[in-house]
Amino acid sequence: MNKLTQFYGTAVGKKFVVAVTGIMMAGFLVMHMIGNLKAFAGATKLDAYALYLRDIGQDMFGHETVLWIARIGLVVAVVAHIFTIVLLVKQNHKARPVKYHVKKSFVSTFPARMMRVSGLLLLIFIIVHIAQFTFGEWLSTPFEEGKVYSNISHAFGSGWLPWFYVFMMFIVCIHLCHGLWSFFQTLGIDNPDRNKLLRGLAIVVSLVLFIGFSAVPVAFATGLIGVAK
Ligand code: HEM
């Protein structure tokens with residue numbers, strides 16, 4: 001335990017925690033996007049998938065137990081991610097209280113600033129999003145537990161919400177893109193020979209997620225897939 005806290009006390013240890021928790025969240029995003037795309041297969045398929053998520057491990061642990069373990073794991077990852085980033089920023093300030101006089105370029109500081117702004121927006125989005133689609137109390141769209149297709153079709157069938165979601169998916173993917181690049185650096189696999197490839201990989205993964213997530217609200221908003229009656 002002492003070794004672990006000692007490791008966490010170092011900048012490398014903290015970067016490791018940020019990287020691992022970041023990858024856990026990215027893994028969740030990939031699974032979530034694949035699940036959402038079932039909307040294109042229709043209400044029966046999407047709702048069956050939502051039910052399946054609640055039923056995983058039911059025979060052994062009971063209804064929704066595994067889902068709740070996954071939810072708690074995700075919340076712990078989000079809290080640890082944010083908490084550790086705050087500690088890292090403080091640690092950096094302490095190590096270098098007086099700023100260098102070298103003027104940093106906009107290009108070098110913009111992504112880092114964007115990470116803070118996009119991270120904060122993301123946190124607010126996740127809270128509103130869960131209130132809307134998991135508990136169904138927000139934005140007064142008709143909501144019925146487990147009727148995921150109907151819930152999202154009513155939410156995205158008209159108005160500004162689908163386009164707000166597309167904008168938020170852009171923010172998610174900007175955050176993810178820079179996060180993935182930092183992840184490669186933390187792993188120490190960045191190298192002038194392959195940085196182009198690694199940056200390209202981060203962009204492609206983020207772009208796939210942006211398109212995959214945005215497809216659902218856009219499809220409902222444009223009438224490509226139907227609104228549940
Ligand atoms: C267009 C994009 C998205 C759509 C249509 C969407 C839709 C949904 C729906 C319908 C649910 C409830 C599922 C159920 O009750 O089984 C849900 C849950 C959730 N979503 Fe999203 N989502 C989107 C993007 C995101 C993003 C980008 C994040 C994270 C940054 C996210 C995080 C979550 C979380 C944490 C839950 C709660 C999961 C649970 O507790 O079961 N979603 N989403």
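A helix here is a DSSP run of H or I with at least four residues, and helices are numbered from the N terminus. By that count His81 lies in helix α5. Keep that residue in mind for a later stop. One caution before starting: this is a predicted model.

**Whole chain**

Show the protein chain as a cartoon. It has 9 helices and 0 strands. Its C-alpha atoms fill a box of roughly 60 × 45 × 35 Å along the principal axes. Of the 229 residues, 30% are buried. Now consider contacts between residues at least 6 apart in sequence: 68% of them join residues at least 24 apart.

**The iron atom**

Select the ligand and centre on its iron atom. Which residues coordinate the iron atom? They are His32 and His129, each through NE2, at 1.9 to 2.0 Å. The site has 6 donor atoms, with angles of 86 to 179 degrees among them, and is octahedral. For reference, ideal angles for six octahedral donors are 90 or 180 degrees.

Colour the two histidines by helix. His32 lies in α2 and His129 in α6, so the pair ties together parts 97 residues apart in sequence. His32 is partly exposed, at 27% relative accessible area. His129 has 19% relative accessibility, so it counts as buried, the cut-off being under 20%.

**Helix α2**

Select residues 11-36, which make up α2. This helix has 26 residues and reaches 37 Å from its first C-alpha to its last, close to the 38 Å expected at 1.5 Å a residue. Its buried residues include Val18, Thr21, Met25, Leu29 and Met33. Some of the spacing follows a general rule: an α-helix has 3.6 residues a turn, so residues three or four places apart point the same way. Show the neighbours too. The buried residues of α2 pack against α1, α3, α5, α8 and α9.

**Back to His81**

Select His81 in α5. Is His81 buried or exposed? His81 is buried, because its relative accessible area is 13%, under the 20% cut-off. Leaving out residues up to four places away in sequence, His81 touches Val18, Thr21, Gly22 and Met25.

**The salt bridges**

A search of the whole structure finds 2 salt bridges. In one, Arg54 pairs with Glu64, with the closest N and O atoms 3.6 Å apart. That pair links helix α3 to the loop between α4 and α5, 10 residues apart. In the other, Glu145 meets Arg54 at 3.2 Å, N to O. Glu145 sits in the loop between α6 and α7, 91 residues from Arg54. Shared partners join Arg54, Glu64 and Glu145 into one network. Arg54 counts as buried because its relative accessibility is 15%. Glu64 is buried as well.

**The nonpolar core**

Finish with the largest nonpolar core, which holds 33 residues. Which residues touch the most other members? They are Ala39, Ile152, Phe156, Tyr165, Met169, Leu209 and Phe220. Helices α2, α6, α7, α8 and α9 each supply at least two residues of this core. The largest share, 12 residues, comes from α8.

Last selection: Phe220. Not counting residues up to four places away in sequence, its contacts include Ala39, Tyr149, Ile152, Ser153 and Phe156.

Definitions and conventions. Residues are numbered from 1 along each chain as its sequence is written. This is a predicted model: local features need pLDDT of at least 70, side-chain atom pairs count only at pLDDT 80 or more; totals for chains, interfaces and linings use all residues. Side-chain values use heavy atoms; hydrogens and water are left out. A salt bridge is a side-chain nitrogen of Lys or Arg within 4 Å of a carboxyl oxygen of Asp or Glu. Buried means under 20% relative accessible area, exposed over 50%, partly exposed in between (1.4 Å probe, protein chains only). Contact means heavy atoms within 4.5 Å. A nonpolar core is a set of buried Ala, Val, Leu, Ile, Met, Phe, Trp, Tyr and Cys residues joined through side-chain atoms within 4.5 Å. Donors are N, O and S atoms within 2.8 Å of the metal (3.2 Å for Na, K and Ca); water is not among the atoms, so sites may look incomplete. Four donors count as tetrahedral if all angles lie between 85 and 135 degrees; four count as square planar and six as octahedral if opposite donors are over 155 degrees apart and all others between 65 and 115; anything else is irregular. The expected span of a helix is 1.5 Å times one less than its number of residues.
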